[in-house]
Amino acid sequence: MTDLAEQMTKGGRGSRTERATEVIAELAENASAGAHLGTKVELQQRCGVAKSTFNEALRILQARGVITVRSGPGGGVFAAKPNPLVRLGNSLLSLDAAEADVADAVRIRDALDPLLIDDALEYCSARDIASMRAILSKMRQAVIDNRAIDFVRANWALHAAIARVSPHTLMRSIYLSLLDVIESHTVSVLPTTAQSLPTYIAERLRLHEELVDALASGDRLRARQLIDQHRTAAPQPGLPK
């Protein structure tokens, strides 16, 4: 059994599939577009996994636009040239729990906030506002219960609701993906100021209540002022050790 196969047998099915995916993806990355990477049998043997696991890896890579699979004489697995949107999606998927990755996600998310607020001011419906106010209720309850992490998760849900109002698919998708990255790697929340945590989240609640009020009334100047305050007083996410 190869070293790669031995490594794969130590994990579960998900681990073996992920590693087979990585092996084939690396071959495709180092090959020119359209290059023949090998037959399915050859690549399966190289990965050292069961046929079902190998086929699952191929489906993942085809969905990402990394490879193409052709049947018949001269067939096999070929390197594809993913379009820019596919490459962007793969980059977001590859982010791990490194502090720099999460910090970058926060910075980019903050930079997109003003654009999404502008879209919300233009396209927000009464139904959208009602949905935002329902999330605010959850944030309010988290303040009462002094549950900071619940508050911040509801906070992210509110920003996701604002983002979904935007008709601009690319910007909306990037923003929501960044929120997923941040949320998946946050285990605690600390204020960046000397305030106590209960005081801090209470003030954040007030800011978000005023932001939704500004969206509801179409007050562009006030909404922009509030989102500027949001960026300059953002919470410090706690990262897994």
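**A charged patch**

I began at the surface, where Glu18, Glu22, Glu26 and Glu29 gather in a patch of negative charge. A reminder to myself: the model is a predicted one. Is Glu22 buried or exposed? Its relative accessibility is 53%, so I noted Glu22 as exposed, the cut-off for that word being over 50%.

**The whole chain**

Next I stepped back for an overview. I listed 11 helices and five strands in the protein chain. Of its 241 residues, 38% are buried. The chain exposes about 13000 Å², and carbon and sulfur atoms supply 52% of that area. I also looked up the contacts with a separation of 6 or more: 69% of them are between residues 24 or more positions apart.

Then I turned to Asp113, which is found in helix 6 (residues 99-123). Which side chain of opposite charge is nearest to Asp113? I found Arg109, 4.4 Å away. Asp113 is buried yet has no salt bridge, because a salt bridge needs a nitrogen and an oxygen within 4 Å. Setting aside neighbours within four places in sequence, I wrote down the contacts of Asp113 as His159, Tyr175, Ile227 and His230.

**Salt bridges**

Side chains of opposite charge can pair when their charged atoms come close. How many salt bridges does a search of the whole structure find? I got eight.

Asp118 pairs with Arg224, and their closest N and O atoms are 3.2 Å apart. Asp118 lies in helix 6 and Arg224 in helix 11 (residues 220-232), so this pair ties together parts 106 residues apart in sequence. I noted Arg224 as partly exposed, at 40% relative accessibility.

Another bridge joins Asp213 and Arg133, with 3.0 Å between the closest N and O atoms. This pair links distant parts of the chain, 80 residues apart: Asp213 is in helix 10 (residues 197-217) and Arg133 in helix 7 (residues 126-145). Asp213 counts as partly exposed at 38% relative accessibility, and Arg133 is partly exposed at 34%.

I also looked at Arg147 and Asp150, whose closest N and O atoms are 2.5 Å apart in their salt bridge. Arg147 is partly exposed, with a relative accessible area of 45%, and Asp150 is partly exposed with 34%. My last entry is a network: salt bridges with shared partners join Asp118, Arg220 and Arg224.

Conventions
Residues are numbered from 1 along each chain as its sequence is written. This is a predicted model: local features need pLDDT of at least 70, side-chain atom pairs count only at pLDDT 80 or more; totals for chains, interfaces and linings use all residues. Side-chain values use heavy atoms; hydrogens and water are left out. Patches are made of residues with over 30% relative accessible area and no salt bridge: like charges are joined within 9 Å, nonpolar side chains (Val, Leu, Ile, Met, Phe, Trp, Tyr) within 5 Å. Accessible areas come from the Shrake-Rupley method with a 1.4 Å probe; for residues, only the protein chains shown count as cover. Lys and Arg count as positive and Asp and Glu as negative; His and the chain ends are not counted. The place of a charge is taken as NZ of Lys, CZ of Arg, CG of Asp or CD of Glu. Buried means under 20% relative accessible area, exposed over 50%, partly exposed in between (1.4 Å probe, protein chains only). Helices (H or I, at least four residues) and strands (E, at least two) are DSSP runs, numbered from the N terminus. Contact means heavy atoms within 4.5 Å.
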